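The entries follow the order in which I looked things up.

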Amino acid sequence: MTLPLLVPDLPAPEVLMPYLQRMHAARQYSNFGPLVCEFETGLNARFSARSPVSLGLTTVANATLGLELALTALDLPPHSRVLVPALTFVATATAVLRAGHLPVLADVDAQSWLLTPEIARQAVAQGAVDAVLPVATFGAPHAMAGWHEFEQDTGIPVVIDAAAAFGSQWLDAPTGTAVFSLHATKCLPAGEGGFVVSSRPGLIARVRQLTNFGINLNPAAGVPVGMLVRIGTNAKMSEYHAAVGLASLDRWDERAALRRSMHADLRARLDAAATPALLRWQEMAEPVAAPTLLCVRLPSAQDRERLERVCAERHIMVRRWYQPLLNAMPALEKHSTCLPAPAAVKIATDLCGLPFYLGMAGGDAERVAEAVRAALGAKGAAPLVGSEGQHSA
Ligand SMILES: Cc1ncc(COP(=O)(O)O)c(C=O)c1O
């Protein structure tokens, strides 16, 4: 039987039922209903408990729209240059373009795989950068103190694409803005969804308005309620999605602990299968709180090709996450500027995503470890050329 790359872990229908019944009794299915508001309050409480300043939070239909609208709400001039890492999911760059700006593709740190404040400072020194959109790559969080200092020193706004980093990325500095995904494959799944959280004065109110077409709903705003004051879109979260999100939040701590322990177990099995220390892992101060992916660097491109071939023979799914890099995507070529990205290019030669999901049996984990053992113990076999391309998680 094929071993899948990942399997979504959503609350069962019976757990959703009380929330759905509440929704139906209130006869409100969208437009900032009671479940969306309760979900936002619950999320905000978690972030506020770790923040030195007051935060605003608003839900969105998905993180891609959240990124687009957070950038729009910064009110930058059209065609502003937004620094993004070359190693990320395509949505990071498409959100920049759909907000009317231009992606500037930057390198990542060779160890953390993140676009760091140091890399951003170098890019600023070399030319115009109007905003920075670092990515919490594969759920690894950014230290917000560094980005706070960057914002203070340069005056350039920073929005973290924390799509996969719920539970790991906090806004624990005096300034910060982040966008999270609640897609079915994420650790806090709502099916589809996302939210934007920020300490920036007025930003969340503007994002919320943009999710509701740009209509003014504030009687104290000095313009009539119902007046279109910005050119927004429909990016509201429905009550159905909030029901799933609330049920996911109820059990998040338990599922996160399970993810951490299963991930650590699989990683230990792989390290044991690839001695001496042949596998290279993303470096971070603390492990991801609720990992959803297992990504590892093989010793070489040939080793990755060999592992891919062994996995194909054994019906084990693998994926080259975030590849091709953004600077090799034809659709982005004429719209973006590419800075040198040697570390990202190197990572892209040997990064491999292997199966990991809740419910993965010990035997399945051993199957993956065996494939790694077979691939790395059999160097010299003919390489298999080819790329699976980018996929949304
Ligand atoms: C880094 C990154 N940004 C943005 C997104 C898009 O999130 P969503 O599917 O909620 O639009 C993803 C999705 O996996 C992602 O990995």
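**Ground rules.** I am working with a predicted model, where local features need pLDDT of at least 70, side-chain atom pairs count only at pLDDT 80 or more, and totals for chains, interfaces and linings use all residues. Residues are numbered from 1 along each chain as its sequence is written, and side-chain values use heavy atoms, with hydrogens and water left out.

**Domains.** I found the protein chain divided into domain 1 (13-250) and domain 2 (252-376); such bounds come from an automatic or database domain assignment. I noted 26 Å between the C-alpha centres of domain 1 and domain 2. Their contact (heavy atoms within 4.5 Å) takes 40 residues from domain 1 and 34 residues from domain 2.

**Core.** I looked next for a nonpolar core, a set of buried Ala, Val, Leu, Ile, Met, Phe, Trp, Tyr and Cys residues joined through side-chain atoms within 4.5 Å. Buried means under 20% relative accessible area, exposed over 50%, and partly exposed in between (1.4 Å probe, protein chains only). The largest nonpolar core has 51 residues, and Val 132 and Trp 147 are among those with the most contacts inside it. This core draws at least three residues from each of domain 1 and domain 2. I listed what Val 132 touches beyond four places in sequence, including Leu 83, Trp 147 and Phe 150.

**Pocket.** Where does the largest pocket lie? I saw that domain 1 and domain 2 both give residues to its lining, so the largest pocket lies between them. A pocket here is an open set of points on a 1 Å grid over the protein atoms alone, where a 1.4 Å probe fits, with protein on both sides within 12 Å along at least five of seven lines; lining residues have an atom within 4 Å of a point. Of the 20 lining residues, the closest to the centre are Pro 141, Ser 168, Ala 285, Glu 286 and Pro 287.

Is Thr 137 buried or exposed? I recorded Thr 137 as buried because its relative accessibility is 1%. Thr 137 touches Leu 87, Trp 113, Leu 114, Gln 282 and Tyr 322, not counting residues up to four places away in sequence.

His 142 is in the loop between β4 and α6; helices (H or I, at least four residues) and strands (E, at least two) are DSSP runs, numbered from the N terminus. I noted His 142 as buried, with a relative accessible area of 7%.
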